[in-house]
Amino acid sequence: MGVADSEFAALGLRFADLRTNSNGGRVRLQLSVIAIAIGVVLLLTLSSSAGRSASGPTPIRAAFYYPWFPETWKVHGQLTHYAPDLGYYTSTNGKVMDRHIAALSYAGMDAAISSWHGPGHYTDVRLARLLARTVARHSQLRWAVYDEHDPEGSVPALVSDLKYIRDHLANSPAYLRVGGKFVVFVYNDVPGCATASAWRTANAQIGNAAYVDLKIFPGYRSCGDQPDSWHQYAPAVNVSRADRYAVSVSPGFWRADQATPQLRRDPARFVADVRAMIASHARWQLVTTFNEWGEGTAFEDARQWRSASGYGQYLDVLHRLLAPGRVVAPKAAPKPKPKPVRKPKTVAVTRAAGKGIVGPVQVGGTLAARPSRSGTWADARYHWLVCAWTGDGCTPAGKGATYRVRGGDLGHLIRLLVAPKPGAGTLRFGPTSVVVPASGPPSIVAAGDIACDPTSPSFKGGAGTSKSCRQLAVSDLAMRLRPTAVLTLGDTAYECGDASALAQSFAPTWGRMTAIIHPAIGNHEYGNACHRNDASPYFSYFGAAAGTKGWYSYDVGSWHLVVLNSECHYGGSSSSPSQVGGCDALSPQAAWLRHDLAIHHAKCTLAYWHEPRFSSGEHGDAAQMGYLWNVLAAAHVDIVLSGHNHDWERFDPIGATPEGQTQPNLDPNGIREFVVGTGGRSDYPFTAAPLQGEPFRNDSNLGVLSLSLQPAGYRWQFHSIFTSQVLDEGSGACH
């Protein structure tokens, strides 16, 4: 029983056995008349102790909220299937925040549960702003975090997060409290009672100040340590139940990168589902979600379900059923923009892209409509769509007279819908679609620290657990990105890099891309964990692609790529032919590197190896790579990639740095370093502060770095298997 359940039991209330059928949990409660009276008194006492912070009378109705736009408008390069009424907004926009607060209040929500990815993350900063704006509006809406930072972390890490939430977020009067405790919803993804025990222990260390609500997992009822409450997050299911604790409803589920919805939208079904939620009398009545557009679960207003109220059909349903007596000002209609007086421009045919579209069909090219007879831009309305190459799964892309082709359009069909303006007569346009060839700048995918030892308890036949041995899931993600080349950043197979691990763990997963893999060698390839100093299984598996001693170079498009061996003194004794031979100025590797850079004069160059020169991760930085780094900096190399530390780190450009120095010397003309030790094995928590010039890092995701290698620059994105959002992205120019 949870905490509140124990209080009821102490007063003689008895819950019947919990039974779960195919429709979810169903609870039968038998109460005596006396117990009912006592229970009512207790509920009133608990509610009054928190005032409105306990959301008044139970149940508490809340919606899951996501303050992560524009970072996540695309899922694996695909926009949402729907068109939000506010457009593709930015979560930092104060007017957007105010509209969301008003819409949630209109829907009868007592609270919003906001996705939170840790102290300092943009979801943390934006939640603090939402709290402040809620207070400024004198709104009765309350907020709580949905902790997705490190929900299965160590007890000290959980204590640290709870203290941060208590001191920096829950100190706002707009933060949700129950029984005087600040509420923390947790998206825990590891099945097992150990997670519940860790949260119970962490909460005890801060005086049980938090009201912890965990996501259910198989067997959660039998855990000895119970949180304050449980919930289910199942957005692809229209009604989900977590026994007496919570019921949640979802309007639909259609991920942006999926051709068909998993849960089709049906407003009539949503009405019935909300009524069932109300009738459940569950403690928490949850709606999934207000604005998770990437998964297509939003009940925020969109063009596809507009209504006369201005709030949209789904918000109207919630308002009618949950807050019929709540007076809310009508949603302000946008002021019409004055129509500029324009002189008609005749459509000029320049370069034909299709029978009804003109313009260069390439990234950066501008497409325009070509009528089959004389016409003018002023006579028509235009709607550009980006579709799958088969023509379905279209998403809105623009309304202008022209459309600029983007990198994400490669391999897609661009469709133009044209309609005459009222009174403009009839315009005839030819076929108005064109396929953008799957060509353009090459792309690479990179990650290190990849495949689990098949003998590991977490291997589980290759499927892994939620946080370990996820080489299959990460390789699936890499394959979906369809890269030109794959860069493995060392520690290809754990623990000893032997032939059986490569065959059983790496080959069925990442090995599916062997034809385009350009590997770098790591410490585990040499079998150091098994007292072996021999990487022959690795070199045998990859053959000539691995280089003779782990260093080599090649080209991708107009870029030159250099692979180095950071295991500077591995490979046997100094007399062994497989000995690496060091990484200092006199080493064979350094001589080769200087020569390679001297004979290749590409505008853009990327280098990679296993152990990072600079890192705030568990193993720290690899000082032995100091000389080679400075050689690369002198040659104006643009990017360096590494793994070894099981995390994601991005640095601002770094110049030449003294070899024994830990902190990097920042230089706008230097090298941008990425640490990508996220290939599937596991993640490592950070134990030290970020280094200078390290604006972004993450230790709770497994995934890959994708790089678009453009003729004079690059664009990066970090994709995770745990979320549809792109966790980090940006661009840079070559030197």
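Mentor: Since this is a predicted model, I begin with confidence: the mean pLDDT of the chain is 82, and 81% of its residues reach 70 or more. Over residues 1-57, however, the pLDDT is below 50, and the model gives this stretch 75 contacts beyond near neighbours in sequence. Residues 424-431 likewise have a pLDDT that stays under 50, with 24 contacts beyond four places in sequence.

As for the chain as a whole, there are 13 helices and 36 strands, and buried residues make up 55% of its 735 residues.

Turning to the helix pairs, helix α5, which spans residues 155-168, packs with helix α6, residues 193-205, at an angle of about 50°, and their axes are 9 Å apart. That angle makes α5 oblique to α6, and the crossing in which α5 passes α6 is right-handed. On the α5 side the contact is formed by Val 155, Leu 158, Val 159 and Leu 162, which meet Ala 198, Trp 199, Thr 201, Ala 202, Asn 203 and Gln 205 of α6. Sorted by class, the residues of this contact comprise seven nonpolar, three polar and no charged.

The second pair is formed by helix α12, residues 588-599, and helix α13, residues 626-634, whose axes come within 11 Å and cross at roughly 10°. As an angle under 35 degrees counts as roughly parallel, α12 and α13 are therefore roughly parallel to each other. Here Gln 589, Ala 590, Leu 593, Arg 594 and Leu 597 of α12 make the contact with Tyr 627, Leu 628, Val 631 and Leu 632 of α13. The contact of α12 with α13 has seven nonpolar residues, one polar and one charged.

Helix α9, residues 471-480, can be described through its burial, for Gln 471, Ala 473, Val 474, Ser 475, Leu 477 and Ala 478 are buried there. The elements that cover the buried residues of α9 include both strands and a helix, namely β24 (443-447), β34 (703-710) and β35 (713-720) together with α10 (499-506). Just after α9, Arg 482 takes a positive phi of about 50°.

Methods:
Residues numbered from 1 in each chain as written. Predicted model: local features only at pLDDT ≥ 70, side-chain atom pairs only at ≥ 80, totals over all residues. Heavy atoms only, no water. Axes fitted to C-alpha atoms, helices over the stretch in contact; angles between N-to-C directions. Helix = DSSP H or I, 4+ residues; strand = E, 2+ residues; numbered from the N terminus. Parallel < 35°, antiparallel > 145°, perpendicular 65-115°, else oblique. Left-handed = near helix turned anticlockwise from the far one by under 90°. Contact = heavy atoms within 4.5 Å. Nonpolar A, V, L, I, M, F, W, Y, C, P; charged D, E, K, R; others polar. Buried < 20%, exposed > 50% of the residue type's maximum accessible area, 1.4 Å probe, protein only. pLDDT = per-residue confidence, 0-100.
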